[in-house]
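Please go through the model that follows with a few questions about what its labels rest on. Each reply sets a value against the rule that it has to meet.

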Amino acid sequence: MELGIGQVAERTGMSVHALRLYEREGLMAGPVRRDAGGRRVYTEWDVEWLHYCTKFRASGMPLAEIRKFADLVRQGPGTEAERLELLREHQERVVARIAELTECLAVITNKVDVYSEHVARGSAAGLWSHPAAT
């Protein structure tokens, strides 16, 4: 099934501009074909690749690393170990970030609980007031 750029934008949540950028910057794992009129023609495989790319980006993978991964995919068989290493390194960063965010969430949840309790009792005045303001 062939898809136009607008259809791919709709299916991936990416803008048409971002799709063009991904192609121009070498972030696609394969060449984007053109029809007789010069319009981009995407495949389901391209949409799947873009889905992975959006998850990589959302999880903090720099475009340079996505480009490197795409380069390795384009090189074909024999690059799987390098791809795996790149993915493992990113996975480690994501796991560390999740741990950091989990700790942040615990602090925020505690503050929400404290404030909720004080507001419900009507005793919220003075919570975290600057000492110079009292």
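**What the labels rest on**

Over residues 1-72 the chain is 58% helix and 6% strand, with the end C-alpha atoms 26 Å apart; helices (H or I, at least four residues) and strands (E, at least two) are DSSP runs, numbered from the N terminus. For these residues, 1-72, UniProt lists "domain: HTH merR-type" in an unreviewed entry, and such annotations may be inferred rather than shown by experiment. This is a predicted model, in which local features need pLDDT of at least 70 and side-chain atom pairs count only at pLDDT 80 or more, while totals for chains, interfaces and linings use all residues. Residues are numbered from 1 along each chain as its sequence is written, and side-chain values use heavy atoms, with hydrogens and water left out.

Q: What makes the pair Trp45 and Trp49 count as stacked?
A: A search of the whole structure finds three aromatic pairs, where rings of Phe, Tyr and Trp (its six-membered ring) pair if their centres lie within 6.5 Å, and planes under 30 degrees apart count as stacked, over 60 as edge-to-face and the rest as tilted. The rings of Trp45 and Trp49 have their centres 6.3 Å apart and their planes at 5°, so this pair is stacked. Trp45 and Trp49 are four residues apart in helix α3, and therefore about one helical turn separates them.

Q: What makes the pair Trp49 and Phe69 tie together parts of the chain?
A: The rings of Trp49 and Phe69 have their centres 5.8 Å apart and their planes at 5°, so this pair too is stacked. Because Trp49 lies in helix α3 and Phe69 in helix α4, the pair ties together parts that are 20 residues apart in sequence. Phe69 is buried, with a relative accessible area of 8%, and ring pairs link Trp45, Trp49, Phe56 and Phe69 into a cluster.

Q: How do you know that the buried residues of α2 are on the same side?
A: In α2, Ala18, Leu19 and Tyr22 are buried. They cover an arc of only 100° around the axis, which puts them on the same side of α2; the arc is that of the directions from the helix axis to the C-beta atoms. On the other side of α2, His17 and Arg24 are exposed. The buried residues of α2 pack against α1, α3 and α4, where contact means heavy atoms within 4.5 Å.

Methods:
Buried < 20%, exposed > 50% of the residue type's maximum accessible area, 1.4 Å probe, protein only.
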